[in-house]
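Please examine the sequence and the structure before reading on.

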Amino acid sequence: MLLGRLGIRVAPQRPGGMATDGPVCRTAHELACRAIKRACYAGHDSVRLREEVARRLLGAVPADAYALTTTDPETGLFTHLLGEGLGAPQVEAFVGHVYPREERARLIELGRSGRFVATADAGAPGRGSLFHSELFHEWSVAAGVGPELRAAFWGGDGLLGTGCLLRARGSRPFSAGECALMERVAPHIARGLREAALLELAGQPDPAGEEAAGALPGFLLLGSGGRICSRDRRAAAQLEDLAGGSEPALAPPGVSVVAGMLRARFAEPNAEGDHRPL
């Protein structure tokens with residue numbers, strides 16, 4: 001199903017598998033690397049690109065769940081998330097709490113470091129990295145997650161997206177070969193996402209016009225009580241217009257009302273017991 005405007009897709013878990021770094025896996029990694037590189041320069045939109053990356057990557061690196069996102073380069077906030085393998089409550093907790101509070105900064109730091117890839121294992125004491133927070137560890141334990149392999153798709157001027165492969169608690173850690181594959185493809189995925197963003201932007205109204213500029217979306221993250229936690233330039237300009245010339249610390253009443261309505265609708269389950277999409 002889809003969870004909200006982020007396009008989160010929740011599906012049954014994938015088997016984690018017991019692959020190794022032997023000759024067969026090295027061949028699979030090489031083939032996957034070549035296929036992912038081809039996809040990154042094939043002119044796909046951002047969703048099709050990540051679907052292709054997920055298909056090729058999971059064919060070579062077994063995982064129980066994955067997430068591939070696009071992010072706003074200015075703020076690092078998610079703009080779209082494509083993933084499978086986690087339940088709605090786990091996804092909601094990560095997207096709404098863990099990522100904006102801690103992991104956004106960790107992934108931006110990972111991108112700036114030039115390493116692009118890090119791994120951790122919530123089920124093994126001491127198996128962490130500087131690019132994972134304690135809050136993420138707590139979320140992983142509650143979600144039944146063990147090994148995690150993450151990547152920052154960095155574009156030089158900001159975070160263009162993120163990648164995450166997860167295995168259930170008790171599964172084997174991600175091997176050196178699997179981490180190396182992610183390291184090899186991460187820069188190419190970043191270039192593919194940048195190209196996709198430019199192509200998608202070309203299909204938008206001309207932002208030079210005042211009317212068209214108002215039609216382009218801005219990104220706004222609200223905390224408790226309508227507090228503005230983060231926003232991009234477009235959202236800041238729109239907030240100033242709504243507030244009469246100065247950017248407010250709290251969301252204007254109209255924005256808070258709409259946010260409350262969306263939050264209430266998102267929390268209401270449908271007939272199948274799943275949370276309804278916005």
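Q: At what distance from the ring centre of Phe-136 does Arg-150 lie?

A: This is a predicted model, in which local features need pLDDT of at least 70 and side-chain atom pairs count only at pLDDT 80 or more, while totals for chains, interfaces and linings use all residues. Residues are numbered from 1 along each chain as its sequence is written, and side-chain values use heavy atoms, with hydrogens and water left out. A charge sits over a ring if NZ of Lys or CZ of Arg is within 6 Å of the ring centre and within 35 degrees of the ring normal. Arg-150 lies over the face of Phe-136, and its distance from the ring centre is 4.7 Å.

Q: Over which ring does the charged end of Arg-167 sit?

A: Here, too, a charge is placed over an aromatic face. The distance from the charged end of Arg-167 to the ring centre is 3.9 Å, and the ring is that of Phe-174.

Q: How is the aromatic pair of Phe-78 and Tyr-99 classed: stacked or edge-to-face?

A: Rings of Phe, Tyr and Trp (its six-membered ring) pair if their centres lie within 6.5 Å; planes under 30 degrees apart count as stacked, over 60 as edge-to-face and the rest as tilted. The centres of Phe-78 and Tyr-99 are 3.8 Å apart, with 20° between the planes, and the pair is therefore stacked.

Q: Is Phe-78 buried or exposed?

A: Buried means under 20% relative accessible area, exposed over 50%, and partly exposed in between (1.4 Å probe, protein chains only). Phe-78 has a relative accessibility of 11%, so this residue counts as buried.

Q: In what order do the strands of the open sheet lie?

A: Helices (H or I, at least four residues) and strands (E, at least two) are DSSP runs, numbered from the N terminus. Two strands pair if DSSP finds at least two bridges between them. The open sheet has 5 strands with antiparallel pairing, in the order β4-β3-β7-β6-β5.

Q: Which residue in β7 is the bridge partner of Leu-149?

A: Strand β6 (residues 145-154) pairs with strand β7 (residues 159-168) in the antiparallel sense, over 8 bridges. In β7, the bridge partner of Leu-149 is Leu-165.

Q: What share of the residues in the protein chain is buried?

A: The protein chain has 8 helices and 9 strands. Of its 278 residues, the buried share is 45%.
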